[in-house]
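Reader: I'm new to this structure and would like to learn how to read it. Could you walk me through it, one feature at a time?

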Amino acid sequence: MTDISRDDTQLMSLDDDTLHEECGVFGILGHTDAATLTALGLHALQHRGQEAAGIVSYDGRQFCSERRMGLVGDHYTNPATLAQLPGDRAIGHVRYSTTGDTVLRNVQPLLAELEVGGIAIAHNGNFTNGLTLRRQLIADGAICQSNSDTEVVLHLIARSRHASSSDRFIDAIRQMEGGYAMLALTRTKLIAARDPIGIRPLVMGELDGKPIFASETCALDIIGAKFIRDVENGEVVVCEIQPDGSISIDAFKPQAPKQERLCLFEYVYFARPDSVVGGRNVYTARKNMGINLAKEAPLEADVVVPVPDGGTPAAIGFAQASGIPFELGIIRNHYVGRTFIEPTQSIRAFGVKLKHSANRAVIEGKRVVLIDDSIVRGTTSVKIVQMIRDAGASEVHIRVASPMIFHPDFYGIDTPDADKLLANQYADLDAMCRYIGADSLAFLSIDGLYKAVSGQPRDSRTPLFTDHYFTGDYPTRLLDKDGPSNVHKLSLLANNG
């Protein structure tokens with residue numbers, strides 16, 4: 001994914017020029033290697049969040065927590081760290097902060113001691129009424145230790161008058177709105193829940209007869225677990241260890257049923273290509289996007305080049321449908337750190353080349369079609385087009401395997417304000433093309449995207465997917481939309497993690 005970046009006058013972080021993945025969750029109950037398996041599952045989900053990772057386990061006596069800034073591999077490959085997470089049940093989380101500061105106190109899972117015992121919570125997504133509920137809780141005397149919206153769920157569980165932890169959990173999520181896939185760990189239970197519309201994905205698996213939940217099937221694959229099924233939209237699944245050591249599994253639908261509407265960006269960008277989301281292989285869907293793009297926006301060219309890595313499956317499909325040869329005309333450096341401290345503008349200008357290099361041998365003198373998965377602000381596209389021209393391309397054409405993005409997201413994707421999106425800054429496609437510096441520019445239509453994923457065009461009366469960033473059709477209320485975004489930050493702790 002390209003094109004969400006800070007202004008070029010600031011110090012450049014290469015990863016700021018992307019749509020950031022929401023987060024990822026993983027949990028397992030009753031397995032002797034719970035923490036190690038959770039670490040492996042989080043490693044498979046690393047693409048969903050690279051700022052921080054955390055694991056909470058329970059050993060029969062106490063909860064143990066290890067939450068760290070940085071990548072899973074930076075910490076959880078250390079046997080000493082895993083030794084601090086004993087027990088046969090655990091949940092974990094990889095994070096990119098769409099709400100809350102990037103500091104350790106916001107890293108999930110969040111753990112609290114309640115009347116019904118300890119409980120740890122981790123979730124992927126955003127609550128669209130989280131700030132509203134937070135204000136009400138604080139007005140009623142609640143003390144918030146973080147500014148993560150996950151903490152709101154803990155407060156609602158604590159205030160519930162139901163007797164059991166699972167009933168309290170259900171009572172809490174009935175009050176939440178938005179998109180989420182959530183896991184909770186108690187002394188005896190692993191609880192999984194998915195929002196009523198099913199915006200965020202969540203799957204159930206099994207390893208050695210023990211239940212597992214994860215954001216994507218690739219996290220099951222890495223540990224050799226069996227895929228059981230998707231957690232249904234609006235469903236709560238309660239797995240509990242019984243006194244005899246067996247595990248009971250009960251499923252509930254505590255809210256009125258609604259039509260499932262998975263987030264389309266899971267197929268466009270977020271999910272790993274080898275995952276199966278909503279019963280659909282992500283790689284196949286992305287390849288189909290390229291095939292449909294070639295049909296909708298044909299042209300004469302010499303070589304099809306993906307913008308790595310997100311554009312690669314679509315570029316393969318485009319090349320096959322168009323008959324234009326596919327080549328790796330851009331080589332990605334996978335070993336670039338998150339930030340480079342660049343003190344001068346002349347050094348900062350090297351930014352895109354630190355992450356991408358043009359393969360002159362397959363570009364020079366050629367009419368190049370660049371395939372990208374999406375364009376948000378367009379800033380990286382400008383740099384990549386210029387890089388391809390500098391490598392000797394005679395023409396540079398851009399084809400984008402998703403529609404233009406007009407609207408921000410409020411369900412867990414970190415998007416800029418509407419007026420900063422490329423599609424809203426220029427009057428038409430030609431003006432966008434001139435800004436980017438390409439010879440031509442075309443986007444996949446919304447019907448072309450729907451056909452690539454589901455085989456059917458979009459039905460405006462009952463859309464199959466959440467697609468508001470393209471259409472403006474938000475599937476839930478947005479109670480917090482007009483409220484201040486910096487409400488209740490903890491100023492005393494702002495610089496202390």
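Author: Gladly. Buried means under 20% relative accessible area, exposed means over 50%, and partly exposed lies in between, using a 1.4 Å probe and protein chains only.

Reader: Before we go on, what kind of model is this?

Author: This is a predicted model, in which local features need pLDDT of at least 70 and side-chain atom pairs count only at pLDDT 80 or more, while totals for chains, interfaces and linings use all residues. Residues are numbered from 1 along each chain as its sequence is written, and side-chain values use heavy atoms, with hydrogens and water left out.

Reader: Thanks! How many aromatic pairs are there, and what is the rule?

Author: Rings of Phe, Tyr and Trp (its six-membered ring) pair if their centres lie within 6.5 Å; planes under 30 degrees apart count as stacked, over 60 as edge-to-face and the rest as tilted. By this rule the count comes to 11 aromatic pairs. In one of them, the ring centres of F265 and Y469 are 4.7 Å apart and the planes meet at 70 degrees, so this pair is edge-to-face. Because F265 belongs to helix 8 (residues 265–270) and Y469 to helix 18 (residues 468–471), the pair ties together parts that are 204 residues apart in sequence. Helices here are DSSP runs of H or I with at least four residues, strands are runs of E with at least two, and both are numbered from the N terminus.

Reader: Are F265 and Y469 buried or exposed?

Author: F265 counts as buried at 1% relative accessibility, and Y469 is buried too, at 2%. Now back to F410: with Y474 it forms a tilted aromatic pair, 5.7 Å centre to centre and 50 degrees between the planes. This pair links distant parts of the chain, 64 residues apart: F410 sits in the loop between strand 21 (395–400) and helix 15 (422–425), and Y474 in the segment after helix 18. Y474 is buried, with a relative accessible area of 18%.

Reader: Which residues form an aromatic cluster?

Author: One cluster is made of F265, Y269, F270, Y469 and F470.

Reader: What about charged side chains? How many salt bridges does the structure hold?

Author: Side chains of opposite charge can pair when their charged atoms come close. A salt bridge is a side-chain nitrogen of Lys or Arg within 4 Å of a carboxyl oxygen of Asp or Glu. The structure holds 24 salt bridges. One of them joins R229 and E235, with the closest N and O atoms 2.9 Å apart; R229 counts as partly exposed at 26% relative accessibility, whereas E235 is buried at 5%. Another brings together the side chains of R367 and D302, at 3.0 Å from N to O. Since R367 lies in strand 20 (residues 367–372) and D302 in the loop between helix 9 (282–296) and strand 17 (303–306), the pair ties together parts that are 65 residues apart in sequence. R367 is partly exposed, at 24%, and D302 counts as partly exposed at 29%. A further salt bridge, between R458 and D467, is 2.5 Å from N to O, and both R458 and D467 are buried. Salt bridges that share partners also join R48, R200, E216 and E266 into one network.

Reader: Which side chain makes a polar contact with that of E216?

Author: The side chain of H47 does, at 2.8 Å. A polar contact is a pair of N or O atoms within 3.5 Å; within protein, one must be able to donate a hydrogen and the other to accept it, and residues adjacent in sequence count only if both atoms are side-chain atoms. H47 is placed in the loop between helix 1 (34–44) and strand 2 (52–58), and H47 is buried, with a relative accessible area of 18%.

Reader: How many residues of helix 1 are buried?

Author: Helix 1 is mostly covered, with 8 of its 11 residues buried. Among them are L37, L42 and A44.

Reader: And how many disulfides are there?

Author: A disulfide is a pair of cysteine sulfur atoms within 2.5 Å, and a search of the whole structure finds 0 of them. As for cysteines, C23 counts as buried at 6% relative accessibility, and C144 is buried at 12%.
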